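Please look through the sequence and the structure shown below before reading on. The paragraphs that follow lead from one part of the chain to the next.

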Amino acid sequence: MPQKGFPRQLRLLNAGDFSHVFEQADLKVHGKGMMALVRLSTRGHPRLGLVVSKKNVKRAVDRNRFKRLVRESVRLRQDHLPSVDIVVLARRGVQDIDNDTLHRQLHGMWKRLQRDAQAVIAAPTPERDT
């Protein structure tokens, strides 16, 4: 059975990792109450970073719940996700979404990410050819 942990190698850990994704995101995947910025990588596995501001999600318990559910979703689907760096941003109102709906939203976002990443990888762009 494959490992299903969430070790450091599956996380975006420093500001440089985050800015790398923010500066040149290859894909944007939207969901209700959240958005994922995605940058293709060659590491062989996905990495996740989370941005949940106090401005958008007031209570710490709501911020922590959102982060926990997103991490769990990526942890369980890590074998199916392409080699990308993902930054998930929480938007206003995400705290009002129940856990089941949030799970469905995330599942749909990861499916769209897989499909869109395959399309981006297949389509050669001038920047990628060099």
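**A walk through the predicted model**

The backbone nitrogen of Leu13 lies 3.2 Å from a polar atom of the side chain of Asp17. Such a pair is called a polar contact: two N or O atoms within 3.5 Å, where, within protein, one must be able to donate a hydrogen and the other to accept it, and where residues adjacent in sequence count only if both atoms are side-chain atoms. The model is predicted, so local features need pLDDT of at least 70 and side-chain atom pairs count only at pLDDT 80 or more, while totals for chains, interfaces and linings use all residues. Residues are numbered from 1 along each chain as its sequence is written, and side-chain values use heavy atoms, with hydrogens and water left out.

Asp17 belongs to helix 1. Helices (H or I, at least four residues) and strands (E, at least two) are DSSP runs, numbered from the N terminus. Is Asp17 buried or exposed? Asp17 counts as buried because its relative accessibility is 16%; buried means under 20% relative accessible area, exposed means over 50%, and partly exposed lies in between (1.4 Å probe, protein chains only). Leaving aside residues up to four places away in sequence, Asp17 touches Leu12 and Arg47, where contact means heavy atoms within 4.5 Å.

Helix 1 comprises residues 15-23, and Asp17, Phe18 and Val21 are buried in it. They cover an arc of only 95° around the axis, which puts them on the same side of helix 1; the arc is that of the directions from the helix axis to the C-beta atoms. The face turned away from the buried side of helix 1 carries the exposed residues Ala15 and Glu23. At the start of helix 1, a side-chain oxygen of Asn14 comes within 3.2 Å of the backbone nitrogen of Gly16.

What do the buried residues of helix 1 pack against? They pack against strand 2 (34-40), strand 3 (47-51) and strand 4. Helix 1 lies across these strands and runs at about 85° to strand 4; axes are lines fitted to C-alpha atoms, for helices over the stretch in contact, and angles run from 0 to 180 degrees between N-to-C directions. Helix 3 (residues 99-122) lies across strand 1, strand 2 and strand 4, at about 160° to strand 1.

The strands form an open sheet of four, in the order 1-2-4-3 and with mixed pairing. Strand 1 (27-31) and strand 3 are the edge strands, each pairing on one side only. The twist averages 20° from one strand to the next. Two strands pair if DSSP finds at least two bridges between them. Strand 2 and strand 4 run antiparallel and are joined by seven bridges, and Met34 has Ala90 in strand 4 as its bridge partner. Strand 3 and strand 4 run parallel, with five bridges; Leu48 has Ile86 as its bridge partner in strand 4, and Val51 stands opposite Leu89.

In a regular strand the side chains alternate between the two faces of the sheet. In strand 4 both faces are covered: Val84, Ile86, Val88 and Ala90 are buried on one side, and Asp85, Val87 and Leu89 on the other. Strand 3 is largely enclosed by the rest of the structure, because four of its five residues are buried.

Strand 3, helix 2 and strand 4 make a left-handed β-α-β unit; a crossover is right-handed if, with the strands pointing away from the viewer, the path from the first strand over the helix to the second runs clockwise. The loop between helix 2 (60-77) and strand 4 (84-90) contains Gln78. Gln78 is buried, with a relative accessible area of 11%, and a polar atom of its side chain lies 3.5 Å from the backbone oxygen of Arg75. Asp79 also has its place in the loop between helix 2 and strand 4, and Asp79 counts as partly exposed because its relative accessibility is 44%.
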